[in-house]
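Reader: I have a structure on my screen and I am new to this. Can we go through it by question and answer?

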Amino acid sequence: IVLIREGRDLGIGERFGVIALGLYLPLVVGVTLGGIPIGGYGDVPVGWAWANLIPFATISQQLVDGLTSGMRQFTGNLLLLVPLGFLLPIASPRFRQFRKTLVMAVMVSFGIEILQLTISAVVGFPYRVFDVDDLILNTAGAALGWAGWRATLGWLYETPDQAPYSDYR
């Protein structure tokens with residue numbers, strides 16, 4: 001909708017990016033917010049069990065756990081927003097700058113974490129925990145996606161007067 005409101009025609013690449021984002025984002029919602037339990041699992045008072053605000057606390061534990069569920073969680077959080085980082089610069093010229101894509105990734109990831117915390121508060125127990133490490137891994141994944149876009153398709157979008165990799169600013 002934002003791209004349409006810019007008042008310009010979308011090229012074929014941008015149309016592909018918008019359609020791909022339209023298909024991808026509902027999957028992200030399903031993965032991150034799905035499985036909302038009906039009925040409680042007992043009373044867990046609102047408190048620190050509902051959130052991890054210490055950077056790298058969960059990540060370090062997941063790395064120690066190895067190839068168990070902790071590593072799957074680590075990998076899943078890292079890969080979750082890789083497509084976002086790759087598709088945003090295709091869908092809109094404004095996201096061809098690294099920092100703008102990164103800001104959007106932080107906003108999307110933070111939105112997911114806030115929604116998980118809100119849903120937990122509504123159902124009365126922490127079915128999903130707000131975790132600052134999820135923000136870190138999701139954002140790193142989006143950065144990897146942007147780097148993948150830059151390495152594979154970024155050269156298509158350069159104009160002759162642009163210096164290579166000038167959009168790292």
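**Rings, helices and a core**

Author: Phe98, Trp146 and Trp149 form one aromatic cluster. Keep in mind that this is a predicted model.

Reader: How many aromatic pairs are there?

Author: Two rings pair if their centres lie within 6.5 Å. By this rule the count is three.

Reader: Are the rings of Phe98 and Trp146 stacked or edge-to-face?

Author: The ring centres of Phe98 and Trp146 are 5.1 Å apart. Their planes stand at 70 degrees. Planes over 60 degrees apart count as edge-to-face. So the pair of Phe98 and Trp146 is edge-to-face.

Reader: How many residues apart in sequence are the parts this pair ties together?

Author: Phe98 lies in helix α6, and Trp146 lies in helix α7. The pair therefore ties together parts of the chain, and their separation in sequence is 48 residues.

Reader: Is Phe98 buried or partly exposed?

Author: Buried means under 20% relative accessible area. Trp146 has 1%, so Trp146 is buried. Phe98 has 22%, so Phe98 counts as partly exposed.

Reader: And Trp149, is that residue buried or exposed?

Author: Trp149 sits in helix α7, residues 132–152. Its relative accessibility is 1%. Therefore Trp149 counts as buried.

Reader: How far apart in space are Trp149 and Pro83?

Author: In sequence, Trp149 and Pro83 are 66 residues apart. In space, their C-alpha to C-alpha distance is 9.5 Å.

Reader: Are the rings of Phe110 and Phe130 stacked or edge-to-face?

Author: The ring centres of Phe110 and Phe130 are 6.0 Å apart. Their planes are at 85 degrees, so the pair is edge-to-face.

Reader: Which strand holds Phe130, and is Phe130 buried or exposed?

Author: Phe110 is in helix α6, while Phe130 is in strand β2, 20 residues apart. Phe110 has 41% relative accessibility, so Phe110 counts as partly exposed. Phe130 has a relative accessible area of 9%. So Phe130, in strand β2, is buried.

Reader: At what angle do α6 and α7 pack?

Author: Residues of α6 including Leu102, Ala105 and Phe110 meet a set in α7 that includes Leu135, Ala142 and Trp146. The crossing of α6 and α7 is right-handed. Their axes are 9 Å apart, at an angle of about 145 degrees.

Reader: Which residues does Leu84 touch?

Author: Residues up to four places away in sequence are not counted. That leaves Leu21, Tyr24, Leu25, Pro89, Ala105 and Val108.

Reader: What should helix α2 span, at 1.5 Å a residue?

Author: Helix α2 runs over residues 12–33, 22 residues. Its end C-alpha atoms are 32 Å apart.

Reader: Which residue just after α2 takes a positive phi?

Author: The buried residues of α2 include Leu21, Tyr24 and Leu33. Just after α2 comes a phi of about 75 degrees, taken by Gly35.

Reader: Which residue other than glycine has a positive phi near 70 degrees?

Author: Most residues other than glycine have a negative phi. The loop between β1 and α3 holds Phe56. The residue with a positive phi near 70 degrees is Phe56.

Notes. Residues are numbered from 1 along each chain as its sequence is written. This is a predicted model: local features need pLDDT of at least 70, side-chain atom pairs count only at pLDDT 80 or more; totals for chains, interfaces and linings use all residues. Side-chain values use heavy atoms; hydrogens and water are left out. Helices (H or I, at least four residues) and strands (E, at least two) are DSSP runs, numbered from the N terminus. Buried means under 20% relative accessible area, exposed over 50%, partly exposed in between (1.4 Å probe, protein chains only). The expected span of a helix is 1.5 Å times one less than its number of residues. Contact means heavy atoms within 4.5 Å. Rings of Phe, Tyr and Trp (its six-membered ring) pair if their centres lie within 6.5 Å; planes under 30 degrees apart count as stacked, over 60 as edge-to-face and the rest as tilted. Axes are lines fitted to C-alpha atoms, for helices over the stretch in contact, and angles run from 0 to 180 degrees between N-to-C directions. A crossing is left-handed if the near helix is turned anticlockwise from the far one by less than a right angle, and right-handed if clockwise.
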